Amino acid sequence: MHGHEWDATDAARTAPGGTPARPEGDGHDGERHEGEHPGGEHRGGDHHGSERHEGEHPEGVLPEGVLPEGHRLVPLATALLQDDGLILHWSEDAEALLGYTSEEAVGSYAAQLLTDGGDRAEVLDLFERIMTGSGWSGVFPVRHRDGHKVDLEFRTYPIAGPAGTLLLLATASDTRALHAVEADLAVLDGIFGRSPIGMAVYDTDLRYARINEALARMNGVPVAAHLGRRISAVLPGINTAEIEQIMRQVLRTGKPVVDARSHGRVPGDPKRDRAWSASYFRLEDSTGRVFGVCSSIIDVTERFQAEARASRAQERLSTIAEATARIGTTLDLQRTAEELIEAVVPRFADFATVDLLEPVLRGAEPTPIPTDRTVTLRAVAVGENYETGLAHAVDVVGETSEYAPDRSYTQCLRSGKPLLRAQVDEEVLRGLVSSEDRVAPGMAAGIHSYLMVPITARGMVLGGSEFIRMRNPEPFTAADVALAEELVARTALALDNARLYRRERETALTLQRSLLPQEVHRTLGLEIAYRYLPSSVVSEVGGDWFDVVPLSCGRVALVVGDVMGHGIRAAATMGQLRTVARTLATLDMPPEQVLTRLDETASGIGEGQFATCICAVYDPLERTVQVASAGHLPPVRVAPDGTAERVDVPPGVPLGVGGVAFESIEFTIPEGGMVALYTDGLVERRGQDLDDGIDLLARTLSGPGRTLEESCDAVLAALVTDGTEDDIAMIMARVLPLPADRIATLPLSGGGRLPGKARRFTRATLESWGLSALTDYAELLVSELVTNALLHADAPRRLRLFRDRVLTVEVSDAGGQTPQLRPFAEQDEGGRGMFLVSELAQRWGSRLTRDGKVVWAELELPFGAK
């Protein structure tokens, strides 16, 4: 119509707020017709459209007289009719009330659709009167789609349509629902009006929306002075920040809070502190729309004070008894400080801190507090009874603060006497904190009473402990000071013991670390990774060790041991055994002989000094591992395909038992295979079988695809989840391919002149390796070693050249007698061979094998050679 298609929603635009404008002469001139509610107000609305009708409220606003959670929603049906009764618009609420869909209703005549034959004449007559401008509102029975009658309360609004046509807007609600709402409101009004308990309703901005006379009298403020204002504006003398924090929590979570205590002074009783118990629950309707918070409040001042007086003495005694059992259970500085906090919060203070001087934390001896220098303290423990909001007014654990010499805190430390501020205001707090920016957060948190007690032990100040009350309405008293001094004195002694032990532990750890390998040298044909973790228990310093010892001919010894016991003595014993084991291994002793000599050393150190140990020697040329154990856990072997299994090694007895022989076994590790040695701290856990830990280690190592470092990390992640009560030492070794230009072998068999053959082979090999500078020396060594084998062993077997950090020449034979340097005279024709080897070689030696021996000699590589 004239370029604008008019529909039923335009009728709702004729008045602000979505309520249709009421034309003059509609009959609503203050007279209430039958069935009309007083005031002519709507109750409910059509919540399905975009416009908001009269009586409907936005999200979070609590409408007066409407019950939230569990209240009955009153659907408001709307319909738009032509002047002949033809239905043009039919709302969703109309569908819900009468059963006719919009498609069924629109285009039908209302009288035919909604009435029986007997009522139709009355309806038509009423419709005609309404359309002539007389208007009508009241109750009328309407036929439901299924045939039964529904009593609806109507409001009718004749309105002007396009081109001057007359239309009728009708709204209707079920009278039964309206009566139920009235009953709910009557109950609510009765509760609010007659309850002796203070009751209040707050909107989502925590402003008073409704309050009963009981609470108004309790506060000493008229009801009207509450409405629309926050608690902090009405009652500035109570702990409003805490109260509103609780209400926000209830609004956010929907979980009720029961017996939340508040305290302070109200206008009705401005000279006396009072206490209240409040319960809060969230107000919401059945759709989940939140309106606000409701509270019920009772005055518990007298009961609170009586209970406090009666229990205070008993509580002090109980606090001391519990603190005595709780404080000082460990030799850890931080844990001891935390135990004091746990003993006093919340029963003694709402907030507490323990700060220690920096030298004390380093284990140094405390010194007197200087009079002319700042004092630096570190927060060791902080505790609170609830979310106090003091995070910006104190140091978090680990942070430091500096106090000027003239600060109250510094003067208190210097005197060693407690500092009590029973009443705290902004000026008092300014003299207590370390910086000005902490005053405002402290006051906002509600600090009203403060107590600081220096932590002193053996006449020296170690730090200070602060106690703060906020929610607890009682200020600190002289009796509280005495209690705090008793608790802090017990804590100070435990802290000083922990400080002394920390110094001893640091000494032991320093000794322990200095005795462990500082560097693991690269080994040709073997990749090595290792981990060492000290015990996570403060009081435990163990004697675990590991070592990687380079041997002749590219071989390497892997040693892992564990001294029984803890402390400096265990660490010192570990250092002795490691040094002896390293020395014995370099003498080319087989593992079982190394352990035999090591057992003798352990027996000679002192009574009760026992240790377990495992020694494995890897030969990269043969890819064999020879291993022996002295009461140690078995190695875990991993095949190239990822299959992992423990290696059954003769267990042996711990070192220090004495008089028991050790056995070794030998096995081969193919290229890509791996072996892991470890101490019991890795696999042993309290309440768990040791075999379970070894099985878990094997499962963790199984599977290909990880680097050696990744395997170490995976093992620690799987087996060390909550710390360990013992040290952990672990070595992993993986077999790598040997480069072809690093080893050359010549069988010494058959006829011919073997020394000459060996010399030619040596010259050709060294030239191909770029080591021609060593040819002359190497030829002489080879010639003497082969000749010596021919003369004294009668069966040279093999010449092998091996280039790693040095050039190694080794000759194996079938003899079982090791070569010796013998004195010789100038006229002697022989006996100079091994003497010449000793002069030419940087180092030489021999070792027995299962079928003979190997004699070897080493030459230092030229500078720059790799």
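1. Leu 807 stands opposite Leu 859 in S31. Strands pair here if DSSP finds at least two bridges between them. Helices (H or I, at least four residues) and strands (E, at least two) are DSSP runs, numbered from the N terminus. The model is predicted: local features need pLDDT of at least 70 and side-chain atom pairs count only at pLDDT 80 or more, while totals for chains, interfaces and linings use all residues. Residues are numbered from 1 along each chain as its sequence is written, and side-chain values use heavy atoms, with hydrogens and water left out.

2. Strand S30 (residues 843-849) pairs with S31 in the antiparallel sense over seven bridges, and Gly 845 has Trp 856 in S31 as its bridge partner. S30 and S31 form a hairpin with two residues between them. Eight of the nine residues of strand S31 (residues 852-860) are buried, so this strand is largely enclosed by the rest of the structure. Buried means under 20% relative accessible area, exposed over 50%, and partly exposed in between (1.4 Å probe, protein chains only).

3. The protein chain has 24 helices and 31 strands. Of its 866 residues, 50% count as buried. It exposes about 40300 Å², of which carbon and sulfur atoms supply 51%; accessible areas come from the Shrake-Rupley method with a 1.4 Å probe, and for residues only the protein chains shown count as cover. Among contacts between residues at least 6 apart in sequence, 63% join residues at least 24 apart. Contact means heavy atoms within 4.5 Å.

4. The largest nonpolar core has 59 residues, and those with the most contacts inside it are Phe 348, Leu 356 and Phe 467. Such a core is a set of buried Ala, Val, Leu, Ile, Met, Phe, Trp, Tyr and Cys residues joined through side-chain atoms within 4.5 Å. Helix H16 (residues 478-515) gives the most to this core, with eight residues. Beyond its neighbours within four places in sequence, Leu 356 is in contact with residues including Leu 333, Ile 455, Leu 462 and Leu 495. Apart from this core lies another, of 28 residues, and Leu 807 is among them, as are Val 786, Ala 841 and Leu 861.

5. Thr 353 is found in strand S11 (residues 351-357). At 3% relative accessibility, Thr 353 counts as buried. Its side chain makes polar contacts with the side chains of Asp 355 (3.4 Å) and Glu 466 (2.9 Å). A polar contact is a pair of N or O atoms within 3.5 Å; within protein, one must be able to donate a hydrogen and the other to accept it, and residues adjacent in sequence count only if both atoms are side-chain atoms. Not counting residues up to four places away in sequence, Thr 353 touches Ile 341, Ala 381, Val 382, Gly 464, Ser 465 and Glu 466.

6. Asp 146 sits in the loop between strand S3 (137-143) and strand S4 (149-160). Asp 146 is exposed, with a relative accessible area of 56%. Its side chain makes polar contacts with the side chains of His 144 (3.0 Å) and His 148 (2.4 Å). Tyr 100 is 46 residues from Asp 146 in sequence, and 9.3 Å from it in space, C-alpha to C-alpha.

7. Strand S9 (residues 269-284) and strand S10 (residues 290-299) run antiparallel and are joined by nine bridges. The bridge partner of Ser 277 is Ile 298 in S10. Axes are lines fitted to C-alpha atoms, for helices over the stretch in contact, and angles run from 0 to 180 degrees between N-to-C directions.

8. Another open sheet of five strands has the order S18-S19-S20-S21-S24, also antiparallel in its pairing. Strand S18 (543-550) and strand S24 (664-668) stand at its edges with a single partner strand each, so one side of each is left without a neighbour in the sheet. Strand S20 (residues 611-619) and strand S21 (residues 624-630) are joined by seven bridges, and Cys 613 stands opposite Ala 630 in S21. Helix H17 (residues 568-586) lies across S18, strand S19 (556-563) and S20, at about 20° to S18. Helix H18 (residues 591-605) lies across S20, S21 and S24, at about 25° to S21.
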